[in-house]
Amino acid sequence: MKMISTVFLCVLLFSSSHALDFCVGDVKGPETSVGYLCKPASKVTVDDFVFTGLGVAGNTSNIIKAAVSPAFSAQFPGLNGLGISIARLDIAAGGVIPFHTHPSASEVLLVTQGQILAGFVSSANTVYLKTLKKGDVMIFPKGLLHFQLNAAGYPSIAFVSFSDPSPGLQILDFALFANDLPSELVEATTFLDDATVKKLKSVLGGTG
Ligand SMILES: *[C@@H]1O[C@H](CO)[C@@H](O)[C@H](O)[C@H]1NC(C)=O
């Protein structure tokens with residue numbers, strides 16, 4: 001009896017030490033609020049912990065003249081459960097990452113090329129704004145609305161790291177103008193006039 005319980009304890013300790021090391025996400029299964037289920041440890045290789053591709057510029061030929069290349073848990077399953085992730089930002093001349101929030105993550109941004117004007121707004125509606133140069137780092141606290149725009153006049157690059165493997169991204173203008181929320185409700189809830197709402201809906205692909 002004693003031996004059986006000792007064996008049982010060893011099995012428990014052994015399996016829990018593995019569970020604590022990592023939980024490479026099984027991204028074919030569902031993503032829950034706490035991430036993905038773990039891929040069997042026997043199938044994990046070093047490549048699950050390596051992401052290749054952030055050396056390549058994202059495509060900035062779009063309405064915001066900017067691109068986000070994510071290495072979040074969906075693209076990089078080795079991050080699952082570890083509370084971290086990373087992405088590359090490319091912002092062309094005249095480009096902007098519009099006002100947005102990551103509901104579940106704080107962000108650290110490191111400029112590696114050009115200059116970026118970045119800011120966030122606190123819950124007290126205080127604005128924290130700075131022009132960042134190569135080598136500068138700025139923090140954006142969890143959940144707060146923030147933006148980044150090109151301040152160099154030539155392509156700028158930053159790498160952003162998050163305190164969540166799946167930080168989420170909600171862009172304010174897209175939430176307001178890129179869906180079918182009726183214009184009169186957008187107007188009533190934002191105090192914007194009808195012409196402005198209709199114009200932004202048409203630019204961003206919204207209806208209603
Ligand atoms: C970048 O995106 C634009 C618009 O979607 C597309 O026309 C163009 O081919 C893309 N360029 C590259 C290099 O993928």
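Begin by selecting His 102, which lies in the loop between β3 (96–101) and β4 (107–113). The model on display is a predicted one.

Next, colour His 102 by accessibility. The residue has a relative accessible area of 5% and is therefore buried, since the cut-off for that term is under 20%.

Now display the surroundings of His 102. Setting aside residues up to four places away in sequence, His 102 touches Glu 107, Lys 142, Gly 143, His 146, Phe 162, Pro 167, Gly 168 and Leu 169.

From this list, select Glu 107, which is found in strand β4. Glu 107 is also buried, with a relative accessible area of 2%. Show the side chains of Glu 107 and His 102 together: a polar contact of 3.0 Å joins them.

Then extend the view around Glu 107. Apart from neighbours within four places in sequence, Glu 107 is in contact with His 100, His 102, Met 138, Ile 139, Phe 140, His 146, Gln 148, Val 160, Ser 161 and Phe 162.

Finally, select the set that an unreviewed UniProt entry lists under "binding site": His 100, His 102, Glu 107 and His 146. These residues span 47 residues in sequence, yet no two of their C-alpha atoms are more than 12.0 Å apart, so they gather at one spot. Of this set, His 100, His 102 and Glu 107 are included in the lining of the largest pocket.

How values were computed:
Residues are numbered from 1 along each chain as its sequence is written. This is a predicted model: local features need pLDDT of at least 70, side-chain atom pairs count only at pLDDT 80 or more; totals for chains, interfaces and linings use all residues. Side-chain values use heavy atoms; hydrogens and water are left out. UniProt positions are given in the numbering used here, feature names are shortened, and annotations may be inferred rather than shown by experiment. On a 1 Å grid over the protein atoms alone, a cavity is a set of points where a 1.4 Å probe fits but cannot get out, and a pocket is an open set with protein on both sides within 12 Å along at least five of seven lines; lining residues have an atom within 4 Å of a point. Helices (H or I, at least four residues) and strands (E, at least two) are DSSP runs, numbered from the N terminus. Buried means under 20% relative accessible area, exposed over 50%, partly exposed in between (1.4 Å probe, protein chains only). Contact means heavy atoms within 4.5 Å. A polar contact is a pair of N or O atoms within 3.5 Å; within protein, one must be able to donate a hydrogen and the other to accept it, and residues adjacent in sequence count only if both atoms are side-chain atoms.
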